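Trainee: I am new to this structure and would like a close look at a single part of it, taken slowly.

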Amino acid sequence: EGDTMNFIFSLSLIILFGSLIRSDLIKTDINNKSECKGSLMFEKRTDLKFSENKNCIHGLRVTTVTKEGCGCFRIHSRKNGRGRSMKLIENGHHNLDIGRVKSLYKISCDQYETLEQKYDVDLGHTGCLRVVHGQNKKIIL
């Protein structure tokens, strides 16, 4: 009878430690998932989905945008983060009053972020993205 109790006690400890180790593995797996990426889609160009910084965009005339996913964006009426701008924090549809979008950036969602803060992007002489009208392929940029 004493051996049976020791066996049951030992088995209980093994199961308990096993479950603790297993839950630790699950937590680690959850914490290591890839970072969520947000995106922007403009109403007249739903075939284009922007998820990265773009310093220069030609031909994107829009009045509404849909923001999805994590992160925040700032869109600008001129290239390289210049001109009128609008910060997009909330997901969903947004009406735009800037007319054209010529650059856009992923930014901090901090409410105190200002226009004077520098974007962590290379504003070198890279080619501009040219939006061609009439193209219907889904493109993620």
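Is Cys72 buried or exposed, and what is its relative accessible area?

Mentor: Before the answer, a word on the source: this is a predicted model, in which local features need pLDDT of at least 70 and side-chain atom pairs count only at pLDDT 80 or more, while totals for chains, interfaces and linings use all residues. Residues are numbered from 1 along each chain as its sequence is written, and side-chain values use heavy atoms, with hydrogens and water left out.

Cys72 is buried, with a relative accessible area of 1%, where buried means under 20% relative accessible area, exposed means over 50%, and partly exposed lies in between (1.4 Å probe, protein chains only). The structure holds 1 disulfide, a term that here stands for a pair of cysteine sulfur atoms within 2.5 Å. That disulfide joins Cys72 to Cys109, with an S to S distance of 2.0 Å, and the link is right-handed, with 110° about the S-S bond. The two cysteines come from distant parts of the chain, 37 residues apart, since Cys72 sits in strand S5 and Cys109 in the loop between S8 and strand S9 (129-130); strands are DSSP runs of E with at least two residues, numbered from the N terminus.

A nonpolar core is a set of buried Ala, Val, Leu, Ile, Met, Phe, Trp, Tyr and Cys residues joined through side-chain atoms within 4.5 Å. The largest one has 17 residues, and Ile75 is among those that touch the most other members, together with Leu40, Phe42, Val101 and Leu104. Setting aside its neighbours within four places in sequence, Ile75 is in contact with a list of residues that includes Leu40, Arg84, Met86, Leu96, Val101 and Leu104, contact being heavy atoms within 4.5 Å.

One of those contacts, Arg84, takes part in a further link, a salt bridge with Asp97 in which the closest N and O atoms are 3.7 Å apart; a salt bridge is a side-chain nitrogen of Lys or Arg within 4 Å of a carboxyl oxygen of Asp or Glu. At 47% relative accessibility Arg84 counts as partly exposed, whereas Asp97 is exposed, with a relative accessible area of 54%.

Conventions: Helix = DSSP H or I, 4+ residues; strand = E, 2+ residues; numbered from the N terminus.
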